[in-house]
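Me: Please take a close look at a single strand in this structure and describe its surroundings. I would like one connected account.

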Amino acid sequence: MKRTLGVCYYPEHWPEAQWSTDASQMTAAGLTWVRIGEFGWSRMEPSPGKLTWEWLDRAIDVLGNAGLKVILGTPTATPPRWMIDKHPDMLAVDADGRTRKFGSRRHYDFSHLGYRDECKRIARLMGERYGRNPHVAAWQIDNEYDCHETTLSYSDAARNGFQDWLAQKYQSPDALNRAWGNVFWSMEYDSFDQIDLPNLTVTEPNHPHQLAFRRFSSDQVVAFNKVQADELRKHSDAPLIHNYMGRITAFDHWKVGADLDIASWDSYPIGFLSDRLEGSPDFKQAYLRQGHPDNQAFHHDLYRAVGKGRLWVMEQQPGPVNWAPYNPAPLPGMARLWTWEAFAHGAETVCYFRWRQAPFAQEQMHAGLLRPDSAPAPALAEARQVADEIAALPDVATAKAQAALVFDYESAWGWDAQPQGADFEMFRLAFAAYCALRRAGLSIDILPPETADLSGYKLVLAPGIMVLSDPLRAALARFEGTALLGPRTDTKTPELSIPTPMGPNLDGLDITVALTESMPPDDAITLEDGGQFHHWFEHLEGTAEIFTKTQSGHPAIMGNANVRYLAGWPDEATFDGIIQSLCTEHGIEVVKLPEGLRIRDTDTHRFIFNYANHPLTWNRTQIPAAGVHWEALS
């Protein structure tokens with residue numbers, strides 16, 4: 001697989017006389033791709049119907065003639081001011097009933113059909129003009145769906161669309177009432193137009209009501225993306241991409257990805273550590289300038305799967321960002337490490353954000369490869385180093401991993417609606433399982449919830465999957481390795497009620513979750529070997545074999561040789577012991593890694609990444625802080 005580098009660029013921000021100099025410097029730095037256009041609607045169409053493509057024509061020609069391949073973005077994440085005048089009801093409304101204003105970005109409602117038609121129109125016009133342009137080699141649709149929590153809107157457009165969606169799904173109010181259990185608290189409806197959005201209620205809305213709204217809202221993102229994809233495909237054969245984000249579960253990325261060719265994501269390791277990930281103060285201090293050692297890998301593996309095997313990083317952090325609570329600079333070498341880690345996990349292209357730091361507006365404190373005065377920023381030399389190393393290292397391909405993790409967005413919505421514990425979150429649980437696999441030195445594939453084939457894996461984890469799909473259930477019945485399910489797996493119906501018989505309902509496995517408890521941070525369930533469950537514990541009944549017990553004698557892991565149910569949320573040391581035991585059963589090598597060191601195997605090489613802020617030794621090789629090492633596999 002050929003690996004390439006790129007950069008994000010905004011020609012509309014700079015004097016036109018500067019474009020050719022920028023382009024030649026990009027190619028000199030070893031960059032191949034340049035992303036443009038995704039925020040440029042006001043310059044493409046300054047007033048309704050007045051199209052001013054000439055500046056974009058010239059920018060594409062300048063960049064392309066310098067040898068760069070252009071990724072052209074549709075500008076639909078930043079509708080211009082006149083769009084609000086034309087469609088004043090297109091602005092999203094937050095859960096508190098406040099209309100969001102113009103003056104930033106992502107100021108639209110996915111449910112607004114008038115704005116969706118405007119996006120379809122601009123995508124069609126761009127496709128007609130640039131679909132066969134030899135320099136336009138890829139397309140990005142919109143930018144960062146759900147950034148700034150913009151999937152859910154409580155507008156009139158959303159309410160009307162939701163009512164229609166419910167009518168199509170349930171066909172009658174009586175069917176909906178039965179599915180949602182609306183006899184409880186006299187919540188029954190006589191018609192679909194009585195059903196409001198699940199916000200501003202006195203106490204929590206009914207859980208299936210919330211879940212239905214999350215499903216509807218996700219469908220709006222899928223439809224919004226699809227109308228643009230369909231238009232571009234009429235005029236271009238270049239691949240279609242969207243740049244997803246880290247730790248976003250508000251919409252179903254698997255379904256959006258079905259209409260695209262490549263999944264990309266925007267990797268900001270230090271910003272995520274500060275803004276989006278749990279960790280003790282000591283942990284966050286240790287990785288302050290490197291980012292969480294497993295966060296980037298998790299998202300690489302997730303989006304490689306969403307992209308059906310094709311992964312890019314559309315925005316890679318090169319220096320301090322502007323949006324996190326605190327914004328330290330990366331350790332020297334981290335931009336190189338993050339890039340090589342992406343390649344080791346299957347990325348075809350890594351693009352740095354951005355070429356030159358902007359001296360104005362909201363992102364002026366966000367570093368780029370150049371400073372605002374055009375002098376090199378520290379990451380420019382690291383990008384050049386990676387470009388030289390790409391030329392020297394033979395192409396490598398992603399190998400099938402030893403272990404897999406099932407990840408489901410609908411389960412995330414279900415547990416958001418009914419967390420049953422203040423710190424229970426689907427992403428957090430799945431990420432904890434992923435981290436345990438990584439600490440054991442394993443490579444991991446992430447699988448969608450409809451997975452029908454688990455062959456080739458020896459170990460599969462499915463934590464927190466609300467309802468096992470029929471394909472996955474059948475795959476588990478055939479599985480010859482060991483699948484570790486739970487906690488909170490297959491314990492609800494699709495309408496978020498408790499099934500009869502109570503779950504998990506697995507063929508040939510007599511296990512019932514009879515009682516569930518969530519625990520505050522200062523409490524834990526101790527296991528007979530000294531390990532601990534925190535956050536969550538389920539009381540299991542049944543005749544299945546007990547593999548592990550709590551100190552008080554309750555089952556902690558039950559099942560058989562191929563399928564086991566985990567009754568709680570293990571702490572790190574306990575999860576490590578569980579994974580090591582399962583690996584030993586199946587002859588999987590467990591690598592004892594120093595704290596901060598992570599590995600990833602490709603088909604030909606093993607990559608070693610040092611996330612620690614001090615040197616570490618691996619197989620008698622000293623790897624510096626923020627260092628990368630690779631060696632051929634025998």
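Reply: In this predicted model, strand β21 covers residues 605-610, and six of its six residues are buried, so the strand is largely enclosed by the rest of the structure. Buried here stands for under 20% relative accessible area. In a regular strand, side chains alternate between the two faces of the sheet. Both faces of β21 are covered: one side carries His605, Phe607 and Phe609, the other Arg606, Ile608 and Asn610, and all of these are buried.

β21 belongs to an open sheet of three strands, ordered β20-β21-β24, with antiparallel pairing. β20 and β24 are at the edges and have a single partner strand each, so one side of each lacks a neighbour in the sheet. On average, neighbouring strands of this sheet are turned by 20° against each other, direction ignored. Helix α13 (residues 334-344) packs on the sheet and touches β20, β21 and β24; the direction of α13 makes about 150° with that of β21.

Next, the two pairings of β21. Strand β20 (residues 597-601) pairs with β21 in the antiparallel sense over five bridges, and a hairpin of three residues joins β20 to β21. Within this pairing, Asp601 has Arg606 of β21 as its bridge partner, while Leu597 stands opposite Asn610 in β21. Strand β24 (residues 628-632) also pairs with β21 in the antiparallel sense, over five bridges. Here the bridge partner of Phe609 is Val628 in β24.

Methods: Residues numbered from 1 in each chain as written. Predicted model: local features only at pLDDT ≥ 70, side-chain atom pairs only at ≥ 80, totals over all residues. Heavy atoms only, no water. Buried < 20%, exposed > 50% of the residue type's maximum accessible area, 1.4 Å probe, protein only. Helix = DSSP H or I, 4+ residues; strand = E, 2+ residues; numbered from the N terminus. Pairing = 2+ DSSP bridges. Axes fitted to C-alpha atoms, helices over the stretch in contact; angles between N-to-C directions. Contact = heavy atoms within 4.5 Å.
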